[in-house]
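Welcome! Please take a look at the sequence and the structure below, and then let us walk through some of their features together.

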Amino acid sequence: MLGLALYILLAPLVAFTIVIFFGRKLPRGGDFISLFAIWSGLAASLYLFFTQMLGHYDPAFALSYRFDWVTWGTYKLNIGIAIDNMSMMMLVVVTLVSSLVHLFSVGYMKGDPKYHRFFSFLSFFSFSMIGLVLADNLLIIYAFWELVGLSSYLLIGFWHEKDSASNAAKKAFVTNRVGDAGMLIGMLICFTALGTLNLVELKDGVAQGHLAGGLLTAAGILLFMGAVGKSAQFPLHVWLPDAMEGPTPVSALIHAATMVAAGVYLVARLFPILTPDASLVIAYVGGFTAIFAATIAVAQNDIKRVLAYSTVSQLGYMVMALGTGAFTAGFFHLVTHAMFKACLFLGSGSIIFAMHHVLHNIHSHDDAQDMRNMGGLKKYMPVTFWTFLIATTALAGVPFTSGFLSKDAILGGTLAFAMEHPKHWLLPAFGFAAAGLTAFYMFRLVYLTFYGTFRKGSEAESHLHESPRVMTVPLIVLASLSIFFFYAAPAFNPTTPAGGWFATLFPTPENVTLASGRYVSPASSRLGDEAVEPTAEHASGTEALHSAHLEHLAHNWAMLISILVAGLGIWIATLAYYKWKIDPEKWRLRFGVAYRGMYNKWWCDEVYKATAINGTLGLSKGLAWFDGAILDGIVNGSATVTRLFSTVQGWFDNKVVDGLVNLTAMVVGFWAHFVRSFQTGQVQRYLLYTLAGVGIVIILVVI
Amino acid sequence: MKPTLEMYLILSAVLFTIGVTGVLTRRNALIIFMSVELMLNAANLTLVAYSRFLPDISGQIFVFFVMAVAAAEVAVGLAIIVAIFRQKESVDIDKVNLMKW
């Protein structure tokens, strides 16, 4: 079983290696290698899923393999892979979406000069994401976390000839680093306190109280920061909409279904060790992100940007659910959202593909992604339309869709949380408002794109046609997976996921900070009646009954309200963009500042530019000035002083020391010259000197 | 008149002085050589004179030594002069200053 998991992990890596090096020489750019790797991975994941998870129904199933990686004295750092229900579910989601995206890309990327690179990167991403899912250890999660960041960077900047694409890639990378820095600190806190990063041991350590109180809260929030970056939560959401510069299949795979869900996955993994305070922070961040991004999505005209903000908003939902303790609902939404959001993105890819074709044929340089250029596509692209519509209803939370089940569970959980803690009434309010907005902007998108008349004229209209089958088949598969049917077995209850296999298999894990008696009141976490089992650790019988009752009540209310707000959103969208009874232009003016704020993404980029970016630049400039003026000044000053001394010393050396030496030589030379003059070589002279000498001696002797 | 020691000594001094003057002033190497002989013989005369008047025979023995040495010296010196003449076609002592420095 672990071997199978290893195969799923390593097959895409092998495919990546082959395709990146030899893809150019292989027929079809080697795409069949990547496709085989991921499809066989999907088959293996499904095998695991059906035999182990559905076949044996064991909520506590876990299997892991570890080996020592580094030994520091007595401490051993071990790494390994672990499979449990959660990672198996994630494996299925990741390989399924990834293989469909691979298939879609065969059509979408056809004729691109870097075709083989695209597929190698897709394989690389799949490898990283699967590794992230299978890791048993925060350190390995962190490593794969960065690898998915890298592949995201490579794929966003895939068309790096475009400035906007390469800038978006850089922005994504840098923004993610901000979150990752926090995550690293969180990991270090855990490691310092517990001496391990293994998820199971971490949980045990916290349960034994080795890490508790404020420090545990801080660790939880810091680790969550990583998720804030990766899952594009406010305030680090800014990179995700820009990431839409990448090819659309990439947006579907990485920036809608899998990688951005990694943050949610991490929070879900850490769920048992999150303190109530940390959870509350997480819930508010998620809730605020949900409503914040939804308001922006309303005013965008670029089809992919609407979807991007909707992704941010939905990720906010998941995070909020995990924060309020609705673990099952949050994780469930991750799975369902992956399906219908991938479908929406691939659908938009299909639309953009067609629009490119049209604009190319009429030699127009208009934006192929701008919804104001579309309209009436329903007639020409029926498969795209119907799949898109199903996914839209799922996202909007219309009954009988998967999105209804999961979103409803989240809203129910949040509402129950607020009913127990009335001062946090803002959270469900955020949730419901975002649900209404989601329904509105998604139907606005559908009406603008598929209904009405084509806005580029009839000549252009004649070039419209449906995308090839290799692109529509993934759409059909994903759209069918957006129907409640697949998630509700065996109870087939379209109103609640309770009783379905998902809720049975993924009960809320016991919060160990809660078990050690520091947690006062549990958040709603179970779905409906079936999953409720009063646990002696944290609640007495009556309390459990009370909270079960609350949950039931909350769930019913949530269902009612969410259907109402979704219906309201759809109704307004229909009036405004289908029947044109409400003039959107007039309302745009009426909203004034609010509209401009939504349109300009609440000026987030501008604020960041003014504060963080310009602040950093200013600091850099200041430091550059300090470096240039002060430090270089000191260095240059010391150089000048040294030179001055050198000059003086040189003068002294040249004049005084050398002078003395030369003087000696000169004196010697002078005397030598003088003495030389006696030595004429003439014998008579020498004799004369001798005589003179003798004469002197005689005189001296005589006198 | 019987010659006295003083007369010998004066003659000897005169001869020596003539020799010295010849050595120092003349340019011709042969003449300088002859002047050197003159000086040697002046010294010989002094030695013989003292030997006669002291009386002591060792002075005369000295003279024999001096004459032997002078003969050898003349042989070597003339050989040098011949060599110089072959080289320079002259025996002018001023032109022979190879021995400086």
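F400(A) sits in the loop between helix 15 (382–396) and helix 16 (402–420) of chain A, where helices (H or I, at least four residues) and strands (E, at least two) are DSSP runs, numbered from the N terminus. The phi of F400(A) is near 70°, a positive value in a residue that is not glycine. This is a predicted model, in which local features need pLDDT of at least 70 and side-chain atom pairs count only at pLDDT 80 or more, while totals for chains, interfaces and linings use all residues. Residues are numbered from 1 along each chain as its sequence is written, chains are lettered from A and ligands numbered from 1 in the order in which they are written, and side-chain values use heavy atoms, leaving out hydrogens and water.

**Confidence**

- The mean pLDDT (the predictor's confidence in each residue, from 0 to 100) of chain A is 83, and 94% of its residues reach 70 or more.
- For chain B the mean pLDDT is 89, with 97% of its residues at 70 or more.
- The complex receives an ipTM of 0.77 and a pTM of 0.74 from the predictor.
- Over residues 515–540 of chain A, pLDDT stays under 50, and the model has 52 contacts (heavy atoms within 4.5 Å) beyond four places in sequence for them.
- Where pLDDT is low, the predicted coordinates should not be read in detail.

- Most residues other than glycine have a negative phi, and most peptide bonds are trans.
- E89(B), although not a glycine, has a positive phi of about 60°.
- E89(B) is placed in the segment after helix 3 of chain B, and it is exposed, with a relative accessible area of 64%; here buried means under 20% relative accessible area, exposed over 50%, and partly exposed in between (1.4 Å probe, protein chains only).
- A cis peptide bond, with omega near -15°, leads from L54(B) to P55(B), and P55(B) is in the loop between helix 2 (29–53) and helix 3 (58–88) of chain B.
- The peptide bond from F234(A) to P235(A) is also cis, with omega near 5°.
- P235(A) belongs to the loop between helix 8 (213–230) and helix 9 (239–242) of chain A.

**The surroundings of F234(A)**

- Is F234(A) buried or partly exposed? F234(A) is partly exposed, with a relative accessible area of 26%.
- Leaving aside residues up to four places away in sequence, F234(A) touches V228(A), V285(A), F288(A), T289(A), F292(A) and C604(A).
- F234(A) and F292(A) are 58 residues apart in sequence, and their C-alpha atoms are 8.2 Å apart in space.

- I141(A) touches L132(A), A135(A), M183(A), L199(A) and L266(A), not counting residues up to four places away in sequence.
- C190(A) is buried, with a relative accessible area of 1%, and C343(A) is buried at 0%.

**A hairpin in chain A**

- Strand 1 (residues 62–72) and strand 2 of chain A run antiparallel and are joined by 10 bridges; two strands pair if DSSP finds at least two bridges between them.
- These strands form a hairpin with 2 residues between them, and G73(A) in the turn has a positive phi of about 60°.
- T71(A) has K76(A) as its bridge partner in strand 2, while A62(A) has D84(A).
- Strand 2 (residues 75–84) has 8 of its 10 residues buried, so it is largely enclosed by the rest of the structure.

**Helix 1 of chain B**

- Helix 1 (residues 5–25) of chain B has 21 residues and reaches 30 Å from its first C-alpha to its last, close to the 30 Å expected at 1.5 Å a residue; the expected span is 1.5 Å times one less than the number of residues.
- Its buried residues are L5(B), S12(B), G19(B), V20(B), G22(B), V23(B) and L24(B).
- The cover over the buried residues of helix 1 of chain B includes helix 27 (683–702) of chain A together with helix 2 of chain B.
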